[in-house]
Amino acid sequence: MKLDKLDLTILSELQRDARISLQELSGRVGLSSSPCWTRIKRMEESGVIEGYTVRVNAAKVGLPDTVIVHVTLDSHSDEALFDFGRALEAIPEVQEAFLVSGDYDYYLRIAVADTRDYERLLRERLYKIPGIRHSKSSFVLRQLKQSPLPLRR
């Protein structure tokens, strides 16, 4: 789907505040409500807009620590990669998982309460996944930036 300047403006506004009213959004992008709504529906149906979520403050729900884990697998077969991905889906603490190039195979972002919680997660969940050759963990000390996608207008 080809996006024009108005589509990108709508997406930028929705990234900033997905709860914005249609009337306010329409005013900000310079459209009336009906064409604005049509554009939103078209972007939802085509998969450009995947859904709407709420950002939750991790610390306020008892998960103040983030751990970045780099993982190397024993095998790189399609089956091994599929099985590893499926195993990660079953671990709710794993917030993001990326298959990457370089020295490691995967980059994981994990939310935990503290170091003891992370140690528990390693013993009970992560290290029970078959095929992990090596892992390296780093606790995030402070998040410096989190931003929406840089949509070009």
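Is E13 buried or exposed? I looked this up before anything else. E13 counts as buried because its relative accessibility is 8%; buried means under 20% relative accessible area, exposed means over 50%, and partly exposed is in between, with a 1.4 Å probe and protein chains only.

**Entry 1: ground rules**

I am working with a predicted model, in which local features need pLDDT of at least 70, side-chain atom pairs count only at pLDDT 80 or more, and totals for chains, interfaces and linings use all residues. Residues are numbered from 1 along each chain as its sequence is written, and side-chain values use heavy atoms, with hydrogens and water left out.

**Entry 2: overall layout**

I noted five helices and four strands in the protein. Helices (H or I, at least four residues) and strands (E, at least two) are DSSP runs, numbered from the N terminus. Read from that end, the order of elements is α-α-α-β-α-β-β-α-β.

I then looked up the dimensions. The C-alpha trace spans about 55 × 40 × 25 Å along its principal axes. The radius of gyration of the protein is 20 Å, whereas a compact globule of 153 residues would have one near 15 Å. That radius is taken over C-alpha atoms, and the globule rule is 2.2 Å times the number of residues to the power 0.38.

Of the 153 residues, 28% are buried. Among contacts (heavy atoms within 4.5 Å) with a separation of 6 or more, 65% are between residues 24 or more positions apart.

I found 14 salt bridges in the structure. The criterion is a side-chain nitrogen of Lys or Arg within 4 Å of a carboxyl oxygen of Asp or Glu.

What does E13 pair with? Its partner is R28, and their closest N and O atoms are 2.8 Å apart. E13 belongs to helix α1 (residues 5–16) and R28 to helix α2 (residues 22–29), so the pair ties together parts that are 15 residues apart in sequence. R28 counts as partly exposed, at 43% relative accessibility.

R28 also forms a salt bridge with E24, with the closest N and O atoms 2.5 Å apart. Both residues lie in helix α2, four residues apart, about one turn of the helix. E24 is partly exposed as well, at 39% relative accessibility.

I also recorded a network of salt bridges that links D4, D7, R39 and R42.

D74 and R133 form a salt bridge, the closest N and O atoms being 3.6 Å apart. This pair links distant parts of the chain, since D74 is in the loop between β1 and α4 (78–89) and R133 is in strand β4 (residues 132–139), 59 residues apart. D74 is partly exposed at 49% relative accessibility, and R133 is exposed at 52%.

I checked D105 next, which lies in the loop between β2 (94–99) and β3 (106–112).

V56 is in the loop between α3 (33–46) and β1 (65–73), and is exposed at 57% relative accessibility. V54, V56, V61 and L63 form a nonpolar patch on the surface, together having about 370 Å² of accessible area. Patches are made of residues with over 30% relative accessible area and no salt bridge; like charges are joined within 9 Å, and nonpolar side chains (Val, Leu, Ile, Met, Phe, Trp, Tyr) within 5 Å.

R55 is placed in the loop between α3 and β1, and is exposed with a relative accessible area of 69%. The C-alpha atoms of R55 and A18 are separated by 11 Å, the two residues being 37 residues apart along the chain.

L63 came up again when I looked at D117: not counting residues up to four places away in sequence, D117 touches L63 and V112. D117 lies in helix α5 (residues 115–124) and is buried, with a relative accessible area of 16%.

Terms used: Accessible areas come from the Shrake-Rupley method with a 1.4 Å probe; for residues, only the protein chains shown count as cover.
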